[in-house]
Amino acid sequence: MTDEAVLLQNFLAIGAILFAVGLIGFIVRRNMIVMFLCVEMMLQGVSLSLVAWGRFHGDWGGQMLVIFIITVAACEAAIALGLILLLFRQSGKLDIAFWQNVREEGQPPYVDTEVPEEREEDQLWPRLTPAGIEPEVNIEEQLHRPRV
Amino acid sequence: MTGLLALTSELSLIIGTLLADGSPVLQRLSLLVTSPLVWAIMVGAIGIWLMLPRSGRVGGAGWWLSVVALVLLLLIMAVNPAMGELGELVLVFAIAACITACLIGVISWITPRDNFVARAIGATLAAAGLVLVVITLPPLVDIGPRILFWALAGMTAISAVATISMKSPIYSALWFALTILITAGLFFMQGAQFLAVATVVVYAGAIIVTFLFLLMLAQPEGHESYDRMSWGRSASAVASVCGVLMAAGLAYAINHLQYETGASSAPAVAATKAKDVLHEEHVAKLGSELFSQHLVSVEIGGTLLLVALVGAIVIVMRSRSEALTNQSRLAVYSNGAKRRGVNLD
């Protein structure tokens, strides 16, 4: 087996792994933004496979297709984020389960049976290093901070 | 999908063999136990499942479902003799993985799931699954590209799994950014320089926008409940098993690829094209191809971008006008009127 064929197989494998992981995430996660990221990840897996095939056959078809995939992904991102913002304004949540009232007639509703408790040690947030002069905090403004 | 079709067709075959006679089945079972792909599937599925956020304690149903699916998969894999060829090291690895997986299964079944230990164990198992997948792949000839590829591929897989398993969506976005960066590195390795740069530029913008969205929409009270769990009890188990089965189907198809491509004419065809893809003036060649052969597609793509831009603006504008109810409209109006010194009464 030639080295090119080996390269093709390896890249196809990693593309398949990316696609499958993105699929699992799309099914399992309920946060709309994370679901959107998972879709992008699936597209990346496909792009890797296409580029590998293009290299193997020595023509530009694979790379051309990936360029158009990136174009469509950009359109998709614009529309998806607009829709997410729209849905968030109506529900105040990013939870996709909130929108189950558009389900088919006769389907039983999905109800959360057990909600896990939030623990103290889970409250880890990214920290930014402070820079510059700390601005004066207006407490009234913080209380009336609009939610989008 | 071809892989899954082949898997299903061979499922009927193995059932027929099981009914016919006994001795080859035993032989196949021994091949099966020593197959790294099978262990990769098993360990990977359990590992990803353990890492995903779930609701509380998962009952026995999801666990037994995954066990049944994996046993089924083992039976299917038994008919593929190519999977059985491996060295002693892999055999030791497989047995160790088996014992570990059994222990972990028992331990994590009796302990509450949503804790650090389960996630750490899940990470270990998923990494072991990844290693086993790597073992099944044929290695590149040169040591340099081989190490580079495995390092990049490993980091991609790790950051991808981290993306879907982080509770906080902000961390998910950061891990996804890492995934994209490493994918760009893989593009470079394939000689697709323009695509690598374009991926970084386009997705870097997309990730920053997503990040801003998260900062804007995230609630200050802590993790939302929907970030800490999934759909019901066994959804994440079923999803893990299905996803890993799909990856297995694809890997199965890719493993069969070597028989077809080994003696086929594809490399010869590639040689006659003189490796146009790896030409020195990469972007010039790519541009000439793009704007000569794919001109219509470029035009359509540009139109699509314009339409999406307009569409996104329309969606957001409409939601804003709907959000302003009559009352708030009146409030806005009266505020503005007061500021201008107009008396509404």
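Reply: Helices here are DSSP runs of H or I with at least four residues, strands are E runs of at least two, and both are numbered from the N terminus. Just after H2(A), then, sits A:Gly58, with a positive phi of about 65 degrees. The model is predicted, so local features need pLDDT of at least 70 and side-chain atom pairs count only at pLDDT 80 or more, whereas totals for chains, interfaces and linings use all residues. Residues are numbered from 1 along each chain as its sequence is written, chains are lettered from A and ligands numbered from 1 in the order written, and side-chain values use heavy atoms, with hydrogens and water left out.

Me: What makes H2(A) close to the expected helix span?

Reply: The expected span is 1.5 Å times one less than the number of residues. H2(A) has 26 residues, for which 38 Å is expected, and its first and last C-alpha atoms are 38 Å apart.

Me: Why is H2(A) called largely enclosed by the rest of the structure?

Reply: Buried means under 20% relative accessible area, exposed is over 50%, and partly exposed is in between (1.4 Å probe, protein chains only). In H2(A), 21 of the 26 residues pass as buried, hence the label.

Me: What happens at the start of H2(A)?

Reply: There's a polar contact, meaning a pair of N or O atoms within 3.5 Å; within protein, one must be able to donate a hydrogen and the other to accept it, and residues adjacent in sequence count only if both atoms are side-chain atoms. A side-chain oxygen of A:Asn31 reaches to within 3.1 Å of the backbone nitrogen of A:Ile33.

Me: How many aromatic pairs are there?

Reply: Three, over all chains. One of them joins A:Trp53 and A:Phe56, which both lie in helix H2 of chain A, three residues apart, about one turn of the helix.

Me: Why is A:Phe56 called buried, and where does A:Trp53 fall?

Reply: A:Phe56 has 3% relative accessibility, so it counts as buried. A:Trp53, at 31%, falls in the in-between range and is therefore partly exposed.

Me: What makes the rings of A:Phe98 and A:Trp99 an edge-to-face pair?

Reply: Rings of Phe, Tyr and Trp (its six-membered ring) pair if their centres lie within 6.5 Å; planes under 30 degrees apart are stacked, over 60 edge-to-face, and the rest tilted. A:Phe98 and A:Trp99 have ring centres 5.3 Å apart and planes at 80 degrees, so edge-to-face it is. The pair A:Trp53 and A:Phe56 gets that label at 6.1 Å and 80 degrees. A:Phe98 itself is partly exposed, with a relative accessible area of 35%.

Me: How do you know that B:Gln190 is buried, and what does B:Gln190 touch?

Reply: Its relative accessible area is 1%, so B:Gln190 is buried. It lies in the loop between helices H8 and H9 of chain B. Contact means heavy atoms within 4.5 Å, and, not counting residues up to four places away in sequence, B:Gln190 touches partners including A:Leu7, A:Phe11, A:Arg55 and B:Leu278.

Me: What else does A:Phe11 touch?

Reply: With that sequence exclusion, its contacts include A:Leu48, B:Phe149 and B:Met189.

Me: What makes a set of residues a nonpolar core?

Reply: The members are buried Ala, Val, Leu, Ile, Met, Phe, Trp, Tyr and Cys residues joined through side-chain atoms within 4.5 Å. The largest has 80 residues, and A:Phe11 and B:Phe149 are among those with the most contacts inside it. Helix H3 of chain A gives the most to this core, with 13 residues. A second, separate core of eight residues includes B:Val43 and B:Ile121.

Me: Why is B:Ser159 called buried?

Reply: Its relative accessibility is 0%, so B:Ser159 counts as buried.
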